Amino acid sequence: MRVLLLAGTAHGYITAHIADPWTTMNDGSLRVREAAGLLQNSTLPGPEAVVITDEGLPDGLAADKESVHTLLEHLSQAREDTPVIILTRDPGQREAWSSLARQYLGLSVLEYHTPRLPIALVKQALAQLADRQRNNGLGSGSLEMRFTPARESEPGELKGKKRSFLDRFRSKGKDAEAIQSTDPLSRELANISRGMSRVVAVTGHRGSGLTSTAVNLAAEAAKRGLNTILVDMDTEYRGINLYFSGFDEQAHKDEHLGSSLIRMLAKPQDYRTNAFPVQGNLWMTTLSYGFQDKRAIQQFYTSEKLAGLLSALRNNFNLVVLDLPLDAMRQMESALIHMDTFGLCVPNNLYSVLSTLRNIELVLERDSAAYLNAKTKVIVTRYNHSFRYHGDLFTPEKVGELLGSGLSDSFRYEPALAGYVPASAEFDQQIESDIPIVNSGPAFERAFGTILLRLMEGSG
């Protein structure tokens, strides 16, 4: 069945989850104002349903209402019973569309109250549409649907029967949407000490792939049943926004959400109000691109506030993953002792090794650098199997060996290897599809599963 998806920049996020019997007519992002012209000039059959989200209505209520009216007029002429569903988190939208709904009986509005459009809502709407299509169409009258989200689980709560995998860490949490792990690392992970929480700081020099690593480690941990929160401490670039499409767009409408990280640092006990629930037992906190209150950042982005936040999060999550670039450690130096393990991201080339060591020397005092050295496990990112060093293959083990070979007085001991992430042409697709690359296949699942195991072993 053909659905026309008018979701703007949320197109990739939604289409990644749409399955049979529905297929999307448009391959790229589309807004309502562009839809009527596209349909008029198309020689293909028209849609059997239209789904519109807030991201597809970016022009303000008056202009968007006119665009929707134009689209409905076109659909009425082409096919009388084509249903149109508007999914919105704006409670005023239902009233705004009421006059159009009286003219066009196939128009329905569904509201949700989370910062991000729940995929469960999209699936529910399409499932009910498909059912009505199979039962001789909509007939007269608008489609009546209500979305009742599942009760949110507190971190620490487990629904239903416990699985054997990571029971010692798992508390509460996952819903039907969470992606399950399929690799065979469970027996090794099961040896990790019972009942402990971990704070893992993923770090490295900028450009080393640390944000992607932090995102995928958090996704992998959540997949394995760990209640996980991802904390973006990179207030300069805020790169985690790229991996969770819709966060920044929703933050434009919700000032409270846009300042999530600052609110978390200010009142860590209110994490449920201030953090962003991504899916199942995965949460995140960052700043939106639009947040520009430098005074608030100066006031709350401190070692003392971070130490308080980590203490609170330990009591509610099995795993806290920090995206913490090396140059951001300068402001957070006295909070480093509150972190159990550092995943140091270093690609397998000499430039990256030297840049990493130089960054450590510039940013940290010697005692802090020694603590970092003692708690570090190396993650070789963008690993290239063909790279060489002095004629030999530049293996992941060689990266750790060089880091501790005396090239820097601040980093004297060879760190253990957590694992490596293969270089891949598909790397950028995780940003476009909003699906972390760890969920793209067994190779990346195995890579990040191994890294997760090594980072959590012996920490705490």
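This is a predicted model: local features need pLDDT of at least 70, side-chain atom pairs count only at pLDDT 80 or more; totals for chains, interfaces and linings use all residues.
Q: Where in the protein is confidence lowest, and where is it highest?
A: The protein has an average pLDDT of 82, and 82% of the residues reach at least 70. Among the elements, helix α6 (residues 186-189) has the lowest confidence, with a mean of 61, while strand β11 (residues 341-345) has the highest, at 97. Residues 137-178 have a pLDDT below 50; in the model this stretch makes 108 contacts beyond near neighbours in sequence.

Q: Is Val68 buried or exposed, and why?
A: A residue counts as buried when its relative accessible area is under 20%. Val68 has 0% relative accessibility and is therefore buried. Val68 belongs to helix α3 (residues 61-78).

Q: Which residues does Val68 touch, leaving aside those up to four places away in sequence?
A: Val68 touches Val32, Leu57, Trp97 and Leu100. For Leu100, the separation from Val68 is 32 residues in sequence and 8.7 Å in space, C-alpha to C-alpha.

Q: At what angle do helices α14 and α16 pack?
A: The packing of two helices is described by the angle between their axes and the distance between those axes. Helix α14 (residues 350-363) packs with helix α16 (residues 396-403) at about 35°, and their axes are 10 Å apart. The crossing is right-handed.

Q: Which residues make the contact between α14 and α16?
A: Helix α14 contributes Leu350, Val353, Thr356 and Leu357, and helix α16 contributes Val399, Leu402 and Leu403. By class, six of these residues are nonpolar, one is polar and none is charged.

Note on methods. Residues are numbered from 1 along each chain as its sequence is written. Side-chain values use heavy atoms; hydrogens and water are left out. Helices (H or I, at least four residues) and strands (E, at least two) are DSSP runs, numbered from the N terminus. Buried means under 20% relative accessible area, exposed over 50%, partly exposed in between (1.4 Å probe, protein chains only). Contact means heavy atoms within 4.5 Å. pLDDT is the predictor's confidence in each residue, from 0 to 100. Axes are lines fitted to C-alpha atoms, for helices over the stretch in contact, and angles run from 0 to 180 degrees between N-to-C directions. A crossing is left-handed if the near helix is turned anticlockwise from the far one by less than a right angle, and right-handed if clockwise. Ala, Val, Leu, Ile, Met, Phe, Trp, Tyr, Cys and Pro count as nonpolar, Asp, Glu, Lys and Arg as charged, and the others, Gly among them, as polar.
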